[in-house]
Amino acid sequence: MASVESGIRDKGAALEPAPPVAQAAVAGRTHFRRFTAFQRWVHFFIMVSFSTLVLTGMPLKYSDQAWAQRWMGAIGGVQSAGMIHRFAAIIMVSCVICMLGFFARVLIKSKGHFWGPGTMVPDRQDYQDLKAMVGWFVGRRSRPHLQLDRYAYYEKGEFWAASAGVTVMCVTGAILWYPEAAGRYLPGIVINFALVNHSGGALLAMGFVVVFWHFFHAHLRPEAFPMDKAMYAGGLPLEEYAHERPLEYERRVREGTLDEVLVAPVGETRMKVQNVVWWIITGAALFLWAMFSLFVVWVASLWIGSF
Amino acid sequence: MNLRAFLGTSLAMALLTVIVLAAPAGAVEFSLAHGANGRCLDCHAEPDLGTIVVNGERKSLTVDETMWHDSAHSRLDCTACHAGFQPREHTAEETAGWYEQAKLTACSDCHADEFTMYSGSFHGDLVMGENDKRAPSCADCHGSHGIVSPTSPAFRAAVPGMCGRCHGDKESTYLDTYHGKSQTLGGMTTAVCTDCHGSHSILPQSDPASTISSENVAGTCGKCHEHASTKFASFLVHVDRSTPKSSLWVWLMEMSHSVLIGVLFVFGGLHCFLYFYRGLREGLYSRG
């Protein structure tokens, strides 16, 4: 670990050293539960509805292409794709409502912790982390060991991008679903705006958030490959977690809240079932990622070709 | 046999002959003419019959027999439209002016209402009032030997391309709307050109009687979109997103999306690719 530069997060250096991990894990609860069951289920439904929305929406955006026409035929025509798209949209909006409720609860209960440690708000340290990573990417320095708290810069960036994106998609989607109602209060050009934004926003969501960002960080980044289990299994081995997010670990030890997030590893039978499900989800995710990536390459070539 | 019986029988037979020959004259002519259709096709089903130049346009003299049999007019005689043509090599007298007739006035015998509407329309006025050869008459939209019902899915699906032969810019902007995209993907419920603009009685937007005039456009949208308001109807259907000339605001929004997508794709792509590349080079994926 000598070559790995540590302590680039200044705040971390001033902290008292946390107790060894083996000591912290009490009564067989050796795993760190990063996301609650509620959060994991919301994530699951977002994952399913997002994929469905993309698969039923993209052929409409590229309706002049042969692949779009074949695919639309395969899923039962534009009429049924529209029904499925709206059904998936209802699931997505339900997830958004769940998340809004969750944020409201965090805001009310956190009492000042919103901006504090473990925050989702980007700060100067995130900029330093990104700079260190880019330095490593271009070969100007060795690989940094980011002293992360709860969220890394790439997770914060994605959170805000996805929040802005889902807001735009919900609003424009509602206008396109009920154009007559929109036209009662707003000028007709708003429907034109909604079309442009829904279509452009979909490509952004799929290309940036999914292909280049979320899928990459959750599945293909070397530390996570082939899948980051935090969102799936509920519990990560404490050593692993403490290594990846030392600041959150140390903070929880200091505050005495580590106990809240410790869970026992799952039993052997459940682990076997989980492994099967895990491979199915990972396989599907990597397959979709490959498909979406090819698609983005194709879109880029279309775009370059248009000059 | 007496004279009265002889005269009576003769008269009855003569009457019967006249009745048989004269009374069902239409039916008899119909069957004869159908025989004549067969005789027309003796020559005109030949694939290499040659071509003829009409109004500077090269037309094939061959009639696709299958297409004809599948068409809505397959029970009509050829001469119903090609009036006066004889089943032999045609003389100049027969063919003089036949094209205009078959294309336009031939239809009005049966479709008088449509013809009247068409006569008062913008297209009809161009053709008949100003003798504009480019403007469409019946056959330009409906075809000739392959006429199908205008309510059939095949006809509806063909409408945008049909209008696009002259109004190409309108076709491409239509195909960029949800109506057009759905239509391209085989959806049968969204509007095609004729649903908004009308068909036989098309009038320019500036004419108050037009389906898309400012007085009527909300009602036209309202045929499908219940509670369509004037504001709703001010939606820009034929907007070209690639140029500020069409709609400055839509173009600006489109451009800002393109820039955002371009910047984020380049940034995200590089971040992701370089992370992957460094990870591979430093053997971070082989930790088992």
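Biologist: What percentage of the 288 residues in chain B do buried residues make up?

Modeller: In this predicted model, buried residues account for 19% of the 288 residues in chain B. A residue counts as buried if 20 or more other C-beta atoms lie within 10 Å of its own. The secondary structure of chain B comprises 16 helices and 2 strands. Among its contacts between residues at least 6 apart in sequence, 42% join residues at least 24 apart.

Biologist: Turning to chain A, why is α7(A) called roughly antiparallel to α9(A)?

Modeller: Helix α7 (residues 153–177) of chain A packs against helix α9 (residues 189–220) of chain A at an angle of about 150°, and their axes are 9 Å apart. Angles over 145 degrees count as roughly antiparallel, and therefore α7(A) is described as roughly antiparallel to α9(A). The crossing of the two helices is left-handed.

Biologist: Which classes of residue make up the contact of α7(A) with α9(A)?

Modeller: That contact has 16 nonpolar, 8 polar and 1 charged residues.

Biologist: What makes β2 and β3 of chain A edge strands?

Modeller: The strand order in the open sheet of 3 strands is β2-β1-β3 (chain A), and the pairing is antiparallel. β2 (235–237) and β3 (262–263) each have a single partner strand, so one side of each lacks a neighbour in the sheet.

Note on methods: Residues numbered from 1 in each chain as written. Chains lettered and ligands numbered in written order. Predicted model: local features only at pLDDT ≥ 70, side-chain atom pairs only at ≥ 80, totals over all residues. Axes fitted to C-alpha atoms, helices over the stretch in contact; angles between N-to-C directions. Helix = DSSP H or I, 4+ residues; strand = E, 2+ residues; numbered from the N terminus. Parallel < 35°, antiparallel > 145°, perpendicular 65-115°, else oblique. Left-handed = near helix turned anticlockwise from the far one by under 90°. Nonpolar A, V, L, I, M, F, W, Y, C, P; charged D, E, K, R; others polar. Pairing = 2+ DSSP bridges. Buried ≥ 20, exposed ≤ 12 C-beta atoms within 10 Å, placed from the backbone. Contact = placed C-beta atoms within 7 Å.
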